[in-house]
Amino acid sequence: MSAAIIDGKAFAARVRGEVAEGVARLRAGAGITPGLAVVLVGEDPASQVYVRNKGAQTREAGMASFEHRLADDTTEADLLALIARLNADPAVHGILVQLPLPAHIEADAVINAIDPAKDVDGFTISNVGLLATGQKAMVPCTPLGCLLMLRDHLGELSGLNAVVVGRSNIVGKPMAQLLLAENCTVTLAHSRTRDLPEVCRRADILVAAVGRPEMIRGDWVKPGATVIDVGINRVERDGRTRLVGDVDYAAAEAVAGAITPVPGGVGPMTIACLLANTLTAACRAHGLPEPA
Ligand code: NDP
């Protein structure tokens, strides 16, 4: 039996639709238009595509999109001055600084300069601490998207064994925190983990966030497990560039109970969650009830 395919594209469209309804209600009821500012420094081609997509989807949801494209040689001081202006701007409810930043800028200093209430990526130490201690936080978009798909597919997650492969600050660590908050028994694996295949085989929920094409093999997957593939890797195959995940999809699909495809799985959910976080930030800024 092959796995159920978790359709992130369709789910994300649903989430974006709900956000658009929430935005329309906020505008009609309180005269507030949520605004998202996206800051891009430099010419990284992948980042340019992400920023373009974020801007287009922000506008489609009825929100205001403020794009700030800065030259590669922008100083850290100038970038911090822009963040300070955005923090003070009442039309801006969410601020996102596209990563990676050029090497001469200290990313942590820039991220932590963002007002935590406008930190729709959930990367400031304040939001990281709130999430880790079970308080109301802005939750990073990619792991939030993964959690929504897991809840939608599995319902109750309590007591399940969850293995997250990858411990980055933007995906692996917050994913582990979210699953812990759902009462999963969480293992956070990384490049020094011993016998990773055996660790993965214990997982009822397996989240792969490594950045290595098709590293997780089919026989690492427990029969019936739910597999969430965060990886986005460009590979050359048959003379064409293709996107593949961190999981060997064809092999895992034959064993898993459910699996997210790449593309069309986690990716679309990330931007949908960014829009949802921006709406939430706008509601919180005005002391209004948050969308469910
Ligand atoms: P990072 O490079 O920051 O982290 C990768 C993690 O994988 C590290 O913790 C590293 O361990 C671990 N790792 C590397 N090699 C191995 C190995 N052989 N065995 C076990 N663990 C290993 O990556 P990100 O978290 O930023 O991204 C991960 C993937 O997710 C990438 O493909 C990225 O493109 C994708 N991504 C997708 C998003 C989406 O919207 N769908 C959003 C963000 C990322 P260690 O810490 O020990 O070095």
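This passage describes the residues around the ligand and the placement of two of them, G166 and S168.

In this predicted model, the shell around the ligand comprises 25 residues, of which G166, S168, S191, G211 and T270 come nearest. When these residues are sorted by class, 10 are nonpolar, 12 are polar and three are charged. Among the elements of secondary structure, helix α10, spanning residues 266-285, gives the most to the shell, contributing three residues.

The surroundings of the two residues were examined in turn. G166 is classed as buried because 23 other C-beta atoms lie within 10 Å, the threshold for this class being 20 or more. S168, by contrast, has 16 C-beta neighbours inside 10 Å and therefore counts as partly exposed, a class that falls between the limits of 12 or fewer for exposed residues and 20 or more for buried ones.

When neighbours within four places in sequence are left aside, G166 is in contact with V171, G172, H190, A209 and V210, whereas S168, under the corresponding exclusion, is in contact with K173 and A209.

Note on methods
Residues numbered from 1 in each chain as written. Predicted model: local features only at pLDDT ≥ 70, side-chain atom pairs only at ≥ 80, totals over all residues. Near = placed C-beta within 6 Å. Helix = DSSP H or I, 4+ residues; strand = E, 2+ residues; numbered from the N terminus. Nonpolar A, V, L, I, M, F, W, Y, C, P; charged D, E, K, R; others polar. Contact = placed C-beta atoms within 7 Å.
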